[in-house]
Amino acid sequence: MAIKNLLVLAVLLSVVGVSVANPKGLDLNYYKQRCPDAEAIVRRTTVQYVSRQTSLAAALLRMHFHDCFVRGCDGSILLKSPNKDAERDAIPNLSIRGYEVVDAAKAALEKKCPGVVSCADVLALVARDAVLVINGPWWPVPLGRRDGRISRKSEVNLPSPFAGVAALKQNFLNKGLNTKDLVVLSGAHTIGISNCGLINSRIYNFTGKGDFDPSMNPSYVRALKKRCKPTDFRTSLEMDPGSVKKFDSHYFNIVAQKKGLFTSDSTLLDDPDTKSYIDTQVATAGSSFNKDFSESMVKLGFVEILTGNKGEIRKRCAFVN
């Protein structure tokens with residue numbers, strides 16, 4: 001999609017799109033006076049990268065999620081540490097990619113409006129615009145976040161792909177997100193890629209007796225075993241087989257068929273509320289998914305943010321000032 005068309009679409013969607021309840025003091029027009037082209041600059045950079053490598057959309061969305069779940073949406077995942085003990089050095093974040101997109105957008109902003117736009121805001125915008133490039137839903141991004149100065153590997157305690165629904169619900173509740181947000185945001189797996197290493201025990205030795213997880217469709221297990229040998233930890237796997245390049249509700253069809261790649265996907269069938277949402281999306285071909293996803297992403301962007309005099313506006317996203 002051309003940059004011009006994306007800009008037009010974003011304007012139209014901002015008129016008819018998701019309503020924004022904003023209890024956190026952010027503002028859709030936060031940079032209107034000091035950097036009026038901020039969103040256009042970020043969008044232009046994001047389009048340049050993601051249009052060439054569409055898999056970056058899932059990567060950047062994941063980066064934003066991982067950032068917000070540790071110390072809130074403060075850009076702390078972007079910080080580098082000479083001792084390799086920052087968030088990005090934690091095992092769940094070693095596969096995070098797309099930092100170059102955020103850095104390029106920030107560099108372009110620094111040329112136009114030095115010291116004005118936070119890296120936390122850049123990441124929130126990049127995630128939204130990356131999804132838009134692949135024709136996914138748009139959502140408003142209220143701005144005004146400030147950048148955190150602390151990033152600790154030891155604090156990375158993300159929702160686990162091996163977790164059951166009760167633990168996942170508590171993870172989300174701890175961040176001010178509810179059960180609906182859990183199942184809706186799990187729908188981001190419609191464009192996700194993982195690898196054999198994370199599911200081998202699930203298909204080869206689930207209880208230590210050479211068995212597979214009984215919550216999985218046996219035909220799906222057979223298909224996975226063809227892709228993943230017992231000692232294979234690197235081969236890539238689609239989280240939404242058959243629809244991984246398209247942002248749609250197909251993920252819920254896969255989960256309903258007991259073909260969720262992770263325990264955290266399959267377990268959504270174990271709770272009446274999350275199962276009901278999945279069943280509704282399957283029955284209605286995802287009629288409300290885009291709107292629901294947009295609303296949950298707005299809520300995610302408010303998690304434990306820094307505003308006012310807290311934090312800083314980094315000059316470079318990988319380093320504190």
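Okay, a definition to start: when I say polar contact, I mean a pair of N or O atoms within 3.5 Å, and inside a protein one of them has to be able to donate a hydrogen and the other to accept it. Also keep in mind that what you're looking at is a predicted model.

So, where do we use that definition? Go to histidine 66, which you'll find in helix α3. Its side chain makes a polar contact with the side chain of asparagine 93, at 2.6 Å. Is histidine 66 buried or exposed? It counts as buried, because its relative accessibility is 10% and the cut-off for buried is under 20%. As for who surrounds it, leaving out residues up to four places away in sequence, histidine 66 touches Ile77, Pro92, Asn93, Ile96 and Leu158.

Which residues do the touching? From α3 we have Leu61, His64, Phe65 and Cys68, and on the α13 side they meet Phe293, Met297 and Leu300. Sort the residues of that contact by type and you get six nonpolar, one polar and no charged.

For anyone who wants the reminder, a disulfide is a covalent bond between the sulfur atoms of two cysteines. The torsion about this S-S bond is about 120°, so the disulfide of cysteine 68 and cysteine 73 is right-handed. Cysteine 68 is buried, and cysteine 73 is buried too.

How many disulfides are there in the whole structure? A search finds four. Let me take you through two others.

One of them is between cysteine 35 and cysteine 113, with their sulfurs 2.1 Å apart. This link has 75° about the S-S bond and is right-handed. What does the pair tie together? Cysteine 35 is in the loop between α1 (3–16) and α2 (38–50), while cysteine 113 is in the loop between α4 (99–112) and α5 (119–133), so the bond connects parts that are 78 residues apart in sequence. Cysteine 35 is buried, at a relative accessible area of 1%, and cysteine 113 is buried as well, at 6%.

The other one joins cysteine 196 to cysteine 228, S to S 2.0 Å. Here the torsion is about -75°, so this disulfide is left-handed. Cysteine 196 belongs to the loop between β1 (193–195) and α8 (200–204), and cysteine 228 to the loop between α9 (218–227) and β2 (236–238), so this pair ties together parts 32 residues apart in sequence. Both of these cysteines are buried.

If you number the bonded cysteines along the chain, the pairing pattern reads 1-4, 2-3, 5-8, 6-7.

Next stop, helix α2 and what follows it. Threonine 46 is in α2, and it counts as buried, with 0% relative accessibility. Again leaving out residues up to four places away in sequence, threonine 46 touches Ser51, Val101, Val126, Asp129 and Ala130. Then look at arginine 52, in the loop between α2 and α3. Arginine 52 is exposed, with a relative accessible area of 65%. Its side chain reaches the backbone oxygen of glutamine 48, at 3.1 Å.

Arginine 71, in the loop between α3 and α4, has a phi near 65°, which is a positive value in a residue other than glycine. Arginine 71 is partly exposed, at 30% relative accessible area. Asparagine 135 has a phi near 65° too, again positive and again not a glycine. You'll find asparagine 135 in the loop between α5 and α6 (165–174), and with a relative accessible area of 56% it is exposed.

Definitions and conventions: Residues are numbered from 1 along each chain as its sequence is written. This is a predicted model: local features need pLDDT of at least 70, side-chain atom pairs count only at pLDDT 80 or more; totals for chains, interfaces and linings use all residues. Side-chain values use heavy atoms; hydrogens and water are left out. Contact means heavy atoms within 4.5 Å. Helices (H or I, at least four residues) and strands (E, at least two) are DSSP runs, numbered from the N terminus. Ala, Val, Leu, Ile, Met, Phe, Trp, Tyr, Cys and Pro count as nonpolar, Asp, Glu, Lys and Arg as charged, and the others, Gly among them, as polar. Buried means under 20% relative accessible area, exposed over 50%, partly exposed in between (1.4 Å probe, protein chains only). A disulfide is a pair of cysteine sulfur atoms within 2.5 Å.
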